[in-house]
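Q: I've just opened this one and I'm new to it. Can you walk me through a few spots?

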Amino acid sequence: MSGELEQILLQLTQPDNAIIQQATAQLKLAFKDPAIIPALCAVMTGSQNPQIRQSAAVMLRMRVKKHWKKISLDHRESLKAVVLQAFQQETEHTVRHSLSQLSAVMVKHETPDRWPALFTLLNQSTKSNNPTDRQVGLLLLSKVVESNPEPFKPHYRQLLQLFGTVLQDLDNPTAMYYCILTLTAMTAYTGTEEMNLMRALIPRLIIALKHLIKADQGQASDAMEVFDELMESEVSIIVPHIAEIVHFCLEVSADTTLTDSLRVKALSCIAFLIRLKSKTVLKQKLLNPILQTVFPVLSAAPPPGEEDPEDEENGDEGDTDNESPKHFAAQVIDTMALHMPPEKLFQQLMPLTQVCLASENPYERKAGLMCMAVLAEGCADHIRTKLLSSMLQTVCQSLSDNNQVVRSAGLFALGQFSEHLQPEVSKYCAELMPLLLGYMSALNQAKIGHITKAFYALENFMENLGSEIEPYLPTLMETMLSALSNAENLKLKELAVSAIGAIANAAKDKLVPYFPPVIESLKGFLTDTRDEMRALQTQALDTLSVLARTIGKDVFSPLAAECVQLGLNLTNAIDDPDLRRCTYSLFSAVSTVSPDCLSPHLTAITTIMLLSLKSTEGVTVSLTDTVFSVENAYIDEKEDACDALGEIAFNTGAAFQPFLESSFQQVYELRDFPHEDVRRAAFGAMGQFCRAQHKVWQENPTEANHQAMQKLLGVVLPSFLEAVRGERERQVVMGVLEAMNAVLKACQGEALQSPGRLQEISQAIRDVLKKRTVCQDGGGDEADDDEQQAEYDAMLQEFAGEGIPLLASAVPADTFQPHLNELLPLIMNKAKSSCTVADRSFSVGTLGEILQSLVSVSGGRACAGKLSNRLLPVLVAGVRDSDSEVRNNSVFGLGALAQAAGPLVAQDYPMMLSLFSNLLSKEQDRRVIDNLCAALCRMIMSHMEGVPLEQVFPALLACLPLKEDMEENKTVYSCLAMLYSQNPVSFLLRIPKLSYVDIKRYDNVGHPETQNTLVMLLRDVAQRHSQKFEGAVRSLPAEQKMKLTAAVSQS
C-alpha cells in the first residue's frame, strides 16, 4: 500500500487541478483502510522525496489529532518507534519540523511517562557534542513541551539546568531559540522549587537574546515573548533583574536598524513592567533612562516620502492601533500616567515635552502634543488642578500651526482633554467652540482624515457641555443635517451621525425640534442593506441608542417598538459583530424608556445575546491554552452583550424572570475570560441581575422570590470578594467594587443576611484601603510608605471607601460599629494636609456620607455621638482647606454630624456656628455657600435649642435661594416648613421678603418631594396670611405668578 500512497501524495503536489482532485478522492478511500497508519509510516521513513516525507508526517499528525482512540494499540506502539527513528535519520529541516509537530500531538495523548524512548532521545540529543544534534533535540523538546507542559513538571529542574548550558552556547543561536521557546511554555507551570533556578537564568537569557537578534530578528522577536510570559505568570522571578531587562529593552527600542516588530516587543515589555512594578521602576531610578529613550522614538520623522500611519490620508480611523514603535512609545508614556504618581512623573517628563513643543521640527512638536494627550487620562486631577490653562493654551496654539501633522496631533490632544479633564475643560467653551466650528465650516474641502480628527475633538468636547451647548445648537445641527443629506462621502455621514449622538448627550430635550429629520435619516441608513453601508449603520444604531436615553420618554416612546423590530431585523439579516453589539445597546436603551416594548421579544433578544456570550469566534487559543489573539470586534460584542443583558434584566423586571437563570449562567462563566473588559462587564451584569431579582421580590414579596434573590446573592457576592482580592487588573476590580456598591445600595440588609458577609465585605474594603490586593501589587516585595500614588490607584481606593456608608446604612449601628472602628483611621489618614486634593476631598466626603447613613439606622444617634470627638477635628480642618471641594464636603460632614448626633453634640454647636459664620464672611464658591445653608438647616432641625435663631435665621435667608446644589433644597425647605409649623407668626415676621426667598424659586427647586414641601408651606401661608402672601405674589413676573397661583390653589 505504501507504494500507491506515495504515488497519491506525489500527485497532490502537481500543478494540475484535475490530478489533485483525483488524488484527493483516492486519498479519502485509502484513509478508510486501517493499514493507512503503517503505510504512512513507511512513506515517512522510506520515500526519497522530502516533500512526500513531510506530507506523510502532516497526514499522520491530522490522523492522530482526530482519531487517536481509533488507532489500534499495535499501530500506536509502532508509530511511537517510527516517529523517533524518522526524526533521528532525517536531514531536511522542514520534515524534522513536521515530525516534531507530530510528536507534539502524540504527547497530548501518550504522556511522556508512557513513552520512555522519547525521553531517552531527548536526553541524548540535547546533551550531544554535535551542535546539529543539540539543535534538533531542542526543536523536538520545544514542540512536545509546548504541546503538553504539565506532564514534564517532574523534569523541570533538570531542564532548567540544561537551559543554563544551552543559553551559553552563543554560536548556536537556533538551539538558544528553541531553548527559550521551551522556557516560555514551562513558565506558567513552574512551582516555587524552580523559582531560584529560573531567576539565575535571566542574565544569561538577556545575553542569549542579544546574540539571537544578530542572527535572526524574526526568531528573536518570537523569543522576546518569554518576558511577557514571566511577567504574566511569575513576576517575582524577574523583579531582581528589572534594571537589566529595562536597559536591554531600551537598547532594542532605540536601535533603528532593527525591525519594527522587535522594537515594538521591547517597548511593550517596558510598558508591561511599568504596569506591574511601577514602584520598583521608580525606586531603581529607571524613569529618566526610559524617557530619554522613548522621546526620540516618539518624535522620529517617518522615512522620506512616507507619513505616520495616523497621518495618512486614507479616510479610515481604524489605523490608530498601528504596530509601530512610535505608537508603542506613546503607550509607554500612557502607562506611566496610569501607574505612577503625577508629581514624580511630571517633574521628569515636562522638561522633555517643552523642548519638543518649542522645536522647529514638526514631528517633535507632534511628539510634545501626543505626550500631553496621553497624560490626560491617568493624571487628570493633577492637570485639572495645576496645569489646565497652560496646557490648553499650548493645544489651542497648535491648531493654527502651519503643519497639518501638528494640527492633527493638537486635535487629538484636545479630544483627550475633553474626554478626561471634565468639568473644568468645559469652562473654556467660549474659546474652544469657535475654533472647532471653524473646522466644521470647511467640511467638504478638507481631507477626510483630518476632518475625522476634528470631529473626534468636537464630539468629546460637546458631549459634556450640558446646557452650555444651547447657543451653538442651530449652527451645529445645520452642519450635521446638511452632511447627512448632501455628503457624497459615507465616512462624512458616519461622522455626522456620531456627532449628533454627542450633541444629544449634552442638549437632551433641547434637541426635540431637530428630532424628526434626524430620525428619518437614521431609518434610511438602517434599512439600506448594501455592504458599504455597514459602518454607517453601526453608527446610526449607536446614535439611536443615545437619542432613546436623552430626548425624553414622551418623544421616543412612540418609536420604541419600531426600533426593537429594526434591531431584530438587522441581526437576522447581517452577520457582523459590530452591528450586533450596537443592536444590544439599542435594546438596553429602549428598556430604559419603554420596557414593555421589549417584553414580547425577550426570547429572541436573549437568544442572540447568549449566542454572542458562548461564541468562541475571534478568540484564538494556543495549544497551551493561553489566549494569544483576541479579535476586538468579538470582544466588544461580548462586553456589550453583558452590559445590555444586565440593564434589560433590571428594567424589564418580572418579564425577564424566565431568562434570568440561563443568562446568569452564561455571564457567570465569563468572570474568568482572558480579556479584562469582558470580565469587568460580566461582574457588572451579575450585580444588575441581583438588583433585578431584588426589584422583582419587592414588587411581589413571595417566599419563592425571596429565596431566588438570596440564592443569587449567595453566588454573586462571594465571587465579587474573590475578584477584589485576586484579580490583577485594576480596572476590573474598580468595576467589581462599583457593582458591589450598587448591590449594597439596592438590597441593603438583604445583601448581608448570610453569616460573616458583613465581616468579609468590610475586610475586602480594608484590604483595598491598605493596598493589600493583587492588583495593587499587594503583599509584594516593597513596603509602601510613600503617600504619593498614581491617580487610578487612589480612585480604586475611593470605590472601596464608597462601600463604607452603604454598609453603615444597611445594618443597625451597633452591628457595624466594630468594623467602622477599623475602617475609619484608613479614611481619616487621607485628610492630612500633605495628601492630594482628591484624597482630602474623598476623606471628608466619605466621613460625611457615613454620618448621613447613621441618621436613618437604629442606634445611629448614639454611634454618631461616640464618633464626634474623633471626627470633629478632621472636618473642622477641612472647612479651612484651601480647596473649595474639600471645604464643601467638610461643611456637609459637619451638618451630617449635627443631624446624626443632635443633642449629643450640643456642646459643639457654638464652635460650629462660629466656624460657619467666619466661612460665610469670605466664601466665594456658591456650592460651598449652598452646603453651608443646608448644614445650618440640619443643625436647626436636629437640635433647635442649640441655634440662636434671631442671628442665624436672617443670615440663612440672606443666602437663599440655592444656586448650585439643588439637591439641598430638600433640606432647606424641610427646615423652613418645620420652623413655620412650630411658630407661623414668628416665622413670617422673620421673612419680610417672602417673595425673594421661596416663591421666585418655586419652579426651580428640583425634586418633586421638595416641591411638595414648598407647596404645602405656601398653601398654608396663603390661607392663614393671605394679605402678606398676595403682596409677595404681586412682585413676581407674570409666568411665575400664574404657575404659583395654580399650584397653591390646587387642593
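Q: Which helix gives the most to the lining of the largest cavity?

A: Helix 7 does, with four residues. Keep in mind that this is a predicted model.

Q: What's the volume of that largest cavity?

A: About 160 Å³.

Q: And which residues line the largest cavity?

A: The lining is made up of F119, L122, N123, T126, K127, L141, F152, H155, Q158, L159 and L162. Helix 7 (116-126) and helix 9 (156-166) each supply at least two residues of it.

Q: How does the lining of the largest cavity divide into nonpolar, polar and charged?

A: Six of its residues are nonpolar, four are polar and one is charged.

Q: How many cavities of 30 Å³ or more does the count come to?

A: Four. The second largest cavity holds about 60 Å³ of space.

Q: What lines the second largest cavity?

A: I519, L522, K523, L526, L544, L559, E562, C563 and L566 line the second largest cavity. Two helices, helix 26 (515-526) and helix 28 (553-573), each give at least two residues to that lining. By class, the lining has seven nonpolar and two charged residues, with no polar ones.

Q: OK, switching to helix packing. At what angle do helix 33 and helix 34 cross?

A: Roughly 155 degrees, with the axes of helix 33 (residues 657-669) and helix 34 (residues 676-699) coming within 10 Å. Angles over 145 degrees count as roughly antiparallel, so helix 33 is roughly antiparallel to helix 34.

Q: Is that crossing left-handed or right-handed?

A: Helix 33 and helix 34 make a left-handed crossing. On the helix 33 side, the contact is made by Q657, L660, S663, F664, V667 and Y668, and helix 34 brings A682, A685, M686, F689, Q693 and V696. By class, this contact has nine nonpolar and three polar residues, and no charged ones.

Q: Now the backbone. Is the peptide bond from Q422 to P423 cis or trans?

A: The bond from Q422 to P423 is cis, with omega near 0 degrees. You'll find P423 in the loop between helix 21 (404-420) and helix 22 (429-441). The bond from L960 to P961 is also cis, with omega near 0 degrees, and P961 sits in the loop between helix 46 (949-959) and helix 47 (969-982).

Q: What about K285, is its phi positive or negative?

A: K285 has a positive phi of about 55 degrees, although it isn't a glycine.

Q: Where is K285 found?

A: Look in the loop between helix 15 (260-283) and helix 16 (287-298).

Terms used. Residues are numbered from 1 along each chain as its sequence is written. This is a predicted model: local features need pLDDT of at least 70, side-chain atom pairs count only at pLDDT 80 or more; totals for chains, interfaces and linings use all residues. Side-chain values use heavy atoms; hydrogens and water are left out. On a 1 Å grid over the protein atoms alone, a cavity is a set of points where a 1.4 Å probe fits but cannot get out, and a pocket is an open set with protein on both sides within 12 Å along at least five of seven lines; lining residues have an atom within 4 Å of a point. Grid points are joined across faces, edges and corners, and a volume is the space filled by probe spheres set on the points. Ala, Val, Leu, Ile, Met, Phe, Trp, Tyr, Cys and Pro count as nonpolar, Asp, Glu, Lys and Arg as charged, and the others, Gly among them, as polar. Axes are lines fitted to C-alpha atoms, for helices over the stretch in contact, and angles run from 0 to 180 degrees between N-to-C directions. Angles under 35 degrees count as roughly parallel, over 145 as roughly antiparallel, 65 to 115 as roughly perpendicular and the rest as oblique. A crossing is left-handed if the near helix is turned anticlockwise from the far one by less than a right angle, and right-handed if clockwise. Contact means heavy atoms within 4.5 Å.
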